[in-house]
There are 2 protein chains.
Amino acid sequence: MVRAPNPDTPAGRRILEVAGTLFYERGIGAVGVDLIADEAGTTKKTLYDRFGSKDALVAAYLRDREQRWERFLDEWFRTRAPTPGPERVVAVLDAEEAWWAGSRRGCAFVNAFAELGEEDHPGRAVLRAGKQRARAMFIALLTEAGVANAEALGAQVHLVYEGAMVNLTAGGMDSAFDEARAAIRALVG
Amino acid sequence: MVRAPNPDTPAGRRILEVAGTLFYERGIGAVGVDLIADEAGTTKKTLYDRFGSKDALVAAYLRDREQRWERFLDEWFRTRAPTPGPERVVAVLDAEEAWWAGSRRGCAFVNAFAELGEEDHPGRAVLRAGKQRARAMFIALLTEAGVANAEALGAQVHLVYEGAMVNLTAGGMDSAFDEARAAIRALVG
DNA sequence: AAGTAACCACACCGGTAGGTATACTCGCAG
DNA sequence: CTGCGAGTATACCTACCGGTGTGGTTACTT
């Protein structure tokens, strides 16, 4: 039996780290496996031993990115919005703004969607799940805040949230997040 | 002096047509110039005679795509929402839904943004201008509808609009447009 | 002592990418 | 008749891509 590659080794972690930065900053298609291996101070052989293929590495990158964001958001809640309430919904926008801090490459998931043409790419499932999880989070936040109609409202807030990301990056509109906070306050009331 | 290439010839139009479909459906990076020339029933030589480079062809594709969308929207207004008013804002969403009709590849501009890594790509300016034009349109629609605070409200509506596109495609959420219409009605009141 | 997981160095492969060069045909305007 | 813009056909170039194979070195286990 072919052993399933285990990426969780020193070199594997370095590769994932480097791939994360490069994929996000320059785009998935624009970054070759040679470059990743080089920058991670390892070899292409090791990369393929750990991850099996570039597609699998891309999927791992997306999973890792989501995990990091979720940890970041948890920490943000813990330190800046410790009690449930409608303001936690707005706090997500604050966190997102801080999460980027300078970078203008936009949502990694949306970008990946654009680059992953094939429907059966292993990263596609990660994308969908990630967006759906974001939506579920908004609904949960509104529910625990005791807001009526949390389901429908959470979906609407999610739209605003995603739109803000697109307009800030692809649209180059600096005020997008301020507008989004205003829109969310208007919606949630 | 080097003559600026004029793409507006029979072969040039065919190339732009084919490139438009292929770039959108499969992604810019995934489509080579050889394939475009082939499908357009012409040669790579002619392609480069008309457009100069792939990057320039990409920019032309984006310009063309925006022009088509604007014509489509004008026609939609003319036949389905002939009188100014708040409902015209919602009608934009209807038009967008019809504009895609089956395709699930999302916003061509957002996708292109993800693929065009370099800041100085000739297509980047087209993207920004396109998104800003969309925003200006929403503001204009609200202004002519006599809505107070049209500036701020138009920006918010624009966020919802962009978010709906992302969530329908990358997020795979079928209800995104319905939610967007509800959100817009709630915002505009 | 043997096995094995992790790793490195390096060479190699077929395929394809964007882009250029040469040479020729056709129709049209001056 | 000439010049030229548009187009076709085809060969070619360099560069890089994802992926594989070989061989050898550590270090920890059993």
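I take helices (H or I, at least four residues) and strands (E, at least two) as DSSP runs, numbered from the N terminus. The model is predicted, so local features need pLDDT of at least 70 and side-chain atom pairs count only at pLDDT 80 or more, while totals for chains, interfaces and linings use all residues. I number residues from 1 along each chain as its sequence is written, with chains lettered from A and ligands numbered from 1 in the order in which they are written.

**DNA strand D**

I looked up what surrounds DNA strand D and found 21 residues, the closest being Gly32(A), Lys54(A), Thr9(B), Ala11(B) and Thr42(B). Near here means a C-beta atom, placed from the backbone, within 6 Å. At least two residues each come from helix H2 (33-39) and helix H3 (44-51) of chain A, and from helix H1 (10-26) and helix H3 (44-51) of chain B. H3(B) gives the most, with four residues.

I then checked the record: UniProt, in an unreviewed entry, lists residues 32-51 of chain A as "DNA-binding region"; such annotations may be inferred rather than shown by experiment. That span is 75% helix and 0% strand, and its end C-alpha atoms lie 14 Å apart.

**Chain A against chain B**

I counted contacts as C-beta atoms, placed from the backbone, within 7 Å. Each side has 39 residues: 39 from chain A and 39 from chain B. On chain A, helices H6 (108-115), H7 (122-144), H8 (150-169) and H9 (176-188) give two or more residues each. H8(A) gives the most, 13 residues.

I also looked up Val160(B): leaving aside neighbours within four places in sequence, its contacts include Leu159(A), Val160(A) and Gly163(A).

How values were computed. Two residues are in contact if their C-beta atoms, placed from the backbone, lie within 7 Å.
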